[in-house]
Amino acid sequence: MQKAVSLAKYVKKRNGVALGASGSMRNMFQRALGAGSFTQFWHYWNPIWGYYLSRNVMKPASSFLPVWLAILITFAVSGALHDIAVSVVKWQFILFFTPWFVFMGLMVVITKFLNITYGGLPWGVRAFINCAFIGFGLAATYLLESFYI
């Protein structure tokens, strides 16, 4: 049985520096934005949040569901937690992040299935592509929001 990796080891693996070390934020942005696929982007983005999502949502869900569905559920849970946090701060019901994150989860599933990678491109192009995926999900969310508001 595989022993669970600690948060500190997980962050060091993702960021290349220890948890809380100088340069960890810079490394996260550099690695995430420069990732060679949209799936890889999420391996580097916010490793602390990713650690807990992986451990408490993705791994349990993928033990009895297809991986693609576990990915979508993980993104939906992350979005819902963001919506709850904003709802508490604003003291009103917010449903924005959940659909946005589901759109991004769909893009992860689709790009993974189609094996869309761009690791051989210059860093700036990879960063543009990764930001475009995020922006596309955001635009789709605003479009969806225009139908139910």
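The protein contains 7 helices and 0 strands, where helices (H or I, at least four residues) and strands (E, at least two) are DSSP runs numbered from the N terminus. The model is a predicted one, in which local features need pLDDT of at least 70 and side-chain atom pairs count only at pLDDT 80 or more, whereas totals for chains, interfaces and linings use all residues. Residues are numbered from 1 along each chain as its sequence is written, and side-chain values use heavy atoms, with hydrogens and water left out.

Read along the sequence, the elements follow the pattern α-α-α-α-α-α-α. The radius of gyration is 16 Å, close to the 15 Å that the globule rule gives for 149 residues, so the protein is as compact as a globular protein of that length; the radius is taken over C-alpha atoms, and the rule is 2.2 Å times the number of residues to the power 0.38. Along the principal axes, the C-alpha atoms fill a box of roughly 45 × 35 × 35 Å. Of the 149 residues, 40% count as buried, a class defined by under 20% relative accessible area, with exposed meaning over 50% and partly exposed lying in between (1.4 Å probe, protein chains only). The accessible surface comes to about 9300 Å², of which 71% belongs to carbon and sulfur atoms; such areas come from the Shrake-Rupley method with a 1.4 Å probe, and for residues only the protein chains shown count as cover. Among the contacts (heavy atoms within 4.5 Å) with a separation of 6 or more, 60% are accounted for by residues 24 or more positions apart.

Helix 6 has 17 residues and reaches 24 Å from its first C-alpha to its last, close to the 24 Å expected at 1.5 Å a residue, the expected span being 1.5 Å times one less than the number of residues. The buried residues of this helix include Phe97, Trp100, Phe101, Met104, Val108 and Val109, and what covers the buried residues of helix 6 includes helix 3 (38-44), helix 5 (67-90) and helix 7 (123-148). Met107, which also lies in helix 6, counts as buried at 9% relative accessibility. When residues up to four places away in sequence are not counted, Met107 touches Phe38, Phe133, Phe136 and Gly137. Met107 and Ala8, by contrast, are 29 Å apart in space, C-alpha to C-alpha, and 99 residues apart in sequence.

Phe113 is also found in helix 6 (residues 97-113), but counts as exposed, at 72% relative accessibility. Together with Leu106, Ile110, Leu114 and Ile116, Phe113 makes a nonpolar surface patch of about 500 Å². Patches are made of residues with over 30% relative accessible area and no salt bridge, like charges being joined within 9 Å and nonpolar side chains (Val, Leu, Ile, Met, Phe, Trp, Tyr) within 5 Å; a salt bridge is a side-chain nitrogen of Lys or Arg within 4 Å of a carboxyl oxygen of Asp or Glu.

Most residues other than glycine have a negative phi. Asn115, however, has a positive phi of about 55 degrees although it is not a glycine; Asn115 is placed in the loop between helix 6 and helix 7, and counts as exposed at 59% relative accessibility. Asn46, likewise not a glycine, has a positive phi of about 45 degrees and is placed in the loop between helix 3 and helix 4 (47-62). With a relative accessible area of 32%, Asn46 is partly exposed.

Asn15 lies in helix 1 (residues 7-15) and has a relative accessible area of 4%, which makes Asn15 buried. Residues up to four places away in sequence aside, Asn15 touches Ser24, Asn27, Met28, Arg31, Tyr44 and Pro47. Ser54, found in helix 4, is buried with a relative accessible area of 18%. Leaving aside its neighbours within four places in sequence, Ser54 is in contact with Tyr10, Lys59 and Pro60.

Tyr142 lies in helix 7 and is partly exposed, with a relative accessible area of 47%. The C-alpha atoms of Tyr142 and Leu69, which are 73 residues apart along the chain, are separated by 24 Å.
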